[in-house]
Each structure stands twice: as structure tokens, then as C-alpha cells.
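Please keep the sequence and the model side by side as you read.

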Amino acid sequence: MPTTPASPPITPPRFTTARLDALPLEPVYAEEMAAVLADPALYGFTGGEPSAPAALRARYERQCAGSPDPGERWWNWVLRVRAARDGEAGGELVGYVQATVRGARAEIAWVLGTPWQGRGYASEAAQGLVAHLASAGGVRELVAHIHPDHAASAAVALAAGLGPTEEWEDGERRWAASVTPPPAP
């Protein structure tokens with residue numbers, strides 16, 4: 001008898017990669033994340049500007065409350081470097097990943113603070129996110145929107161298994177992938 005998959009939880013399960021812990025977003029991270037996201041260069045492709053800690057906390061409170069649409073999940077994680085490696089400090093937040101999950105489809109995004117870019121963290125986090133969504137979230141289709149001039153973000157999308165499509169939205173190219181669930185143990 002066919003079964004209907006259960007709705008994913010409102011709070012996303014945490015996941016890990018080789019160097020990162022992806023921790024479910026909480027308002028308590030706002031002050032540290034405001035510093036991580038403080039470089040105006042981060043907003044060159046997406047628009048906007050850095051948020052003050054209080055404004056970021058208010059946004060995190062809204063995000064943690066979840067989507068008003070019961071069929072949609074807002075899953076957000078902050079990324080913490082788990083251990084020191086090659087002289088890098090461990091334990092600090094370096095960015096975030098997010099997924100808007102609707103059934104078997106998720107729209108994903110990632111942002112790394114500029115001091116941590118160029119170390120492979122974004123690709124590692126995006127790959128971990130894709131694997132996590134396929135196994136824990138029941139996601140089978142992934143979508144991301146990337147500015148056509150943002151080569152670094154395009155490289156992250158490719159590393160995560162997404163490819164460019166011919167579709168555009170708000171000046172950004174749609175990238176997409178189908179994912180296969182991991183084999184049952």
C-alpha cells in the first residue's frame with residue numbers, strides 16, 4: 001500500500017560536513033552573524049546592505065517562526081567551523097545555508113562571510129546541504145538563483161551538482177538539479 005511521506009519538521013535537523021557544523025538558526029546567533037555578514041561587498045550581486053544585530057535578530061525570529069504557508073518549510077542553518085585546520089581558528093560562525101522546502105522541491109542559497117571565502121567552505125556547505133535535504137528532507141528537486149556575473153556562486157552550484165537552465169528570474173539565472181535519495185540501510 002502506498003504511503004504519503006510525512007511533512008518535514010519545522011526546525012531543520014542539524015548536519016555536518018568534514019569541517020563545518022550546520023546548526024539550526026536561532027536568534028541568539030544574530031550578533032555574531034551580523035559581524036560575519038558586515039562586509040558591504042557581500043551584497044554586490046543580491047542588493048541590500050549589512051544588518052545591525054537587532055534587525056538581524058528580528059529577521060531570525062521571523063524565520064524561526066516558520067512560513068505562514070503550512071506546506072512550506074523555511075530551513076536555515078548557520079555554519080560553524082568545527083575544528084582548527086591549517087592554523088585557522090575553530091568554533092567561529094562563517095556564514096549560512098538555507099532551503100525553502102515545499103514538498104519534494106527546495107530552493108537553496110548560501111552565503112559565506114568574506115574573510116572565509118576562497119577556502120572551500122561554501123562548496124562543502126552546499127554539498128552537505130544537498131545531501132542532507134535528499135536524505136533527511138525528502139527533497140528530490142533543487143533550485144538556486146544566481147546572478148550571471150557571480151562566478152564564485154556558480155562554481156559552488158556546480159560543485160553541489162546543480163546546472164544552469166535557460167530560465168531567469170529577477171535578473172538571475174535559475175540553476176537546478178534532481179537528487180536521488182540515498183539507498184536504504
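F15, W75 and W77 are joined into a cluster by ring pairs. The model is a predicted one, and the count of aromatic pairs comes to 2. The table sets out the geometry of each pair.

| Pair | Centre to centre | Angle between planes | Class |
|---|---|---|---|
| F15 and W77 | 5.3 Å | 75 degrees | edge-to-face |
| W75 and W77 | 6.0 Å | 80 degrees | edge-to-face |

What does the pair of F15 and W77 tie together? F15 belongs to strand β1 (residues 15-16) and W77 to strand β3 (residues 72-81), so their contact links parts that are 62 residues apart in sequence.

Now for the loop residue. Where does D170 lie? You will find D170 in the loop that runs between β7 (163-169) and β8 (172-178). Its backbone deserves a look: D170 is not a glycine, yet its phi is positive, at about 50 degrees. Is D170 buried or exposed? With a relative accessibility of 76%, D170 counts as exposed, because the cut-off for exposed is over 50%.

Conventions: Residues are numbered from 1 along each chain as its sequence is written. This is a predicted model: local features need pLDDT of at least 70, side-chain atom pairs count only at pLDDT 80 or more; totals for chains, interfaces and linings use all residues. Side-chain values use heavy atoms; hydrogens and water are left out. Helices (H or I, at least four residues) and strands (E, at least two) are DSSP runs, numbered from the N terminus. Buried means under 20% relative accessible area, exposed over 50%, partly exposed in between (1.4 Å probe, protein chains only). Rings of Phe, Tyr and Trp (its six-membered ring) pair if their centres lie within 6.5 Å; planes under 30 degrees apart count as stacked, over 60 as edge-to-face and the rest as tilted.
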